[in-house]
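My notes follow in the order in which I made them.

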Amino acid sequence: MKKMLLIVRLIHITNSRKSTISMTRATTWQTESQSCMSAELSKGDSAESYYADLLQVCADKKALVEGKQVHNQIILSKHEQNALLGTKLVSMYDKCCSLVDARKVFDKIPERSIFLWNAMIRAYSRNDFFAEAFLLFYQMKRSDVEPDNFTFPCVLKACGGLSYLKQGQAVHVCIIRSGVESNLFVGNALVAMYAKCGSVEDTCQVFDKMPERDVVSWNSLIAGCAQNGQWDQALKLHVQMEEGGMEQDSVTIASVLTACAGLSARRQGKEVHAYTLRRGFEWDILVGNALIAMYAKCRDIDTAQNVFDKMAKRDVISWTAVIGGYAQNGNAKALKLFCEMQLADIKPNLVTLISVLPACSDLGALQQGKEVHGSLIRNGFHADVFVASALIDMYAKCGNIKDAYNMFEIFSPKDLASWNAVIAGYGMHGHGEDVLALFSRMKQTDIQPDHITFVAVLSACSHAGMLDVGWLHFRSMNQDYCITPRMEHYACMVDLLGRAGKLDEAYEFIQKMPFKPDADVWGALLGACRIHGNIELGELVAEQLYELKPEKSGYYVLMSNIYAAAGKWDGVAKVREIMKDKGVVKTPGYSWIEIENEVHSFLAWDKAHPQSEEIYTTLESLAGQMKDAGYVPDKNFVLHDVEEEEKENILYGHSEKLAIAFGLINTGPGSPIRITKNIRICGDCHNAIKFISNIAGREIILRDINRFHHFKDGMCSCEDYW
């Protein structure tokens, strides 16, 4: 009776251990427990039973401080090498997340039972120390202790966590020899291990041979298919599970939603969502996270946000899913939510930070990108290989190629992804010679270029007008590296030939392609037709594009531009009629600028911004100064058949000009202005910004859909070859 009262008091202390009073009570409890133990032992109770009960309470309550006090008593009573108490101590330290103490206990016990081995292996596996769990399993085998049906699930979890397929197969052989293959828990662990190792065939074979299956068996199989890209199979298995009358849980639903996301199957995803509502799963955080990810992947970000808003509880995965959804869809709200997440005291993980970086890149949000970089450093993620290439890409796409290069140089060892990122970065900034120098330096290392490397090199040659060099590298792909050119490499070559004015050669090149050209290839040629004003070839190419991508407005606009530049307004009207008949809506051109960690966006003739009046006053002042400096508006870039004076007014309100005026107002003298535009900059704006850079004494860095333009002192880095 006294022992039970003592345990009750221990529970009370562990529930309120942070107070000074409770710490005093803990000291009193320790004294009382020693007295109690003497009394209990005098009644014939064993020390094992006494200490085992106390350790179980400490384990259940995760009471590390009190558990260590019990451990001290065990040492003082000279029971430290007792195998049963050793097992209890290891389990207690495991539950309290103190694996160092657990291993110290394990190492001090000379005669280790199967229970002690299992407790230590389980502790490592449960806390994701998979390598340690696996090594300990082999030590156990060498110690002539035979594993049992409790050992194998822990070891298989470790194999899955490490993607140790061969080792997992070896463990499977041990299981067969031990005669426990028919055990439900062992079978489930085998299914999960093969799934995590990417062997779906083995996963299915084990599942089919199981004499008994439960919801965990089905979940492991469905999740394995979903995680390994066999989304159709996952959905078929889900139907079989339902038809078999097996009860589903939140894990089932989450796996099915993952499959729906992989297939972008929004309709099926909505049906699963309806099922969760009927069954009351909508409050489950795992299901909520999977719903957000599914809707985001299906580009239904509004519904994803709605699910997020209704969640009673959110974790870092919830925030990461919705932030990633906005980032994938190029929405500035990704950055706003990231700030809200930090204000909510939710610590971002590596996946969160990696999800935010593309949003910074897409929006040209350099300052926020730097803050994410700081978060990566503070959280110890900066040395990650994937992080390095993501940061190089972010700095390059935010217009800071110098910091991108510095990041590349700092990172060691350099992998293929980091080389590709820095080469592509210099290419999009038009630094063709630097790209070739980096590529040459890369070839001197042990790293072999891949198809992505050559896309970056060929694209750089195109932007820099290096036709002969481009041909040289295109031919070297197959000759020197056994890389068969893909569609994207052919598109780069068409772009290279087209920009150089060799339109007939580009068209002939397309005709000789080993596979049917896609919209990117034809689109590159149509862009060249616009640059060089070739209406006849443009019409031929446009017909191909209308058939391949009838919903993409950009190709119709390009053809309309070609007609408008030639003054063929009947052609412009014809394109508009085609768009109207097909229900195609033109994607509006808009520009972004980041000021004090906030991204501001502008449409042409936008007056919704709070500083609109000041913006237009600044533009009016600039217009007068530009004309005095010799600027003449290029009215060929007005795509409307209107009076000449009206054409000039239309050019005056283009979105990039509004963003630049806003930047001039809200940044200090001499500081650079960084603009991002979602479509190609027009020729008039390109010319106007050269004048503005000289008048304002600013460097203006503008990224459009094709490349970067660095305007300074009345010049552009592209040297008007774009």
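I began with the side chains of Asp300 and Arg266, which meet in a salt bridge with 2.8 Å from N to O. Asp300 sits in the loop between α17 (285-297) and α18 (301-310) while Arg266 belongs to helix α16 (residues 266-279), so the pair ties together parts that are 34 residues apart in sequence. I kept in mind that this is a predicted model. Looking up the accessibilities, I noted that Asp300 is buried, at a relative accessible area of 12%, whereas Arg266 is partly exposed, at 33%.

How many salt bridges does the count come to? I found 14 salt bridges, and I followed two further ones.

Arg499 forms a salt bridge with Asp495, and the closest N and O atoms are 2.8 Å apart. Both residues lie in helix α29 (residues 487-499), and because they are four residues apart there, about one helical turn separates them. Arg499 is buried with a relative accessible area of 11%, and Asp495 counts as buried at 19%, since the cut-off for buried is under 20%.

Lys657 forms a salt bridge with Asp684, again with the closest N and O atoms 2.8 Å apart. This pair links distant parts of the chain, with Lys657 in helix α37 (residues 655-666) and Asp684 in helix α38, 27 residues apart. I recorded Lys657 as buried, and Asp684 as well.

Staying with helix α38 (residues 683-696), I looked at Gly683, which lies in it and is buried at a relative accessible area of 16%.

Strand β1 (residues 590-595) pairs with β2 in the antiparallel sense over six bridges, and Trp592 stands opposite Ser601 in β2. Strand β3 (residues 673-677) runs parallel to β4 and is joined to it by four bridges, with Ile675 opposite Leu702 in β4. From β4 (residues 700-703), Ile700 and Leu702 point one way and Ile701 and Arg703 the other, and all are buried.

Last, I checked the surface, where Glu536, Glu539, Glu543 and Glu547 gather in a patch of negative charge. Glu547 is placed in helix α32 (residues 535-548) and counts as exposed at 65% relative accessibility.

Note on methods
Residues numbered from 1 in each chain as written. Predicted model: local features only at pLDDT ≥ 70, side-chain atom pairs only at ≥ 80, totals over all residues. Heavy atoms only, no water. Patch = residues over 30% accessible without salt bridge, like charges linked within 9 Å, V, L, I, M, F, W, Y side chains within 5 Å. Areas by Shrake-Rupley, 256 points an atom, 1.4 Å probe, with all protein chains shown as cover. Salt bridge = Lys/Arg side-chain N within 4 Å of Asp/Glu carboxyl O. Lys, Arg positive; Asp, Glu negative; His and termini not counted. Charge placed at Lys NZ, Arg CZ, Asp CG, Glu CD. Helix = DSSP H or I, 4+ residues; strand = E, 2+ residues; numbered from the N terminus. Buried < 20%, exposed > 50% of the residue type's maximum accessible area, 1.4 Å probe, protein only. Pairing = 2+ DSSP bridges.
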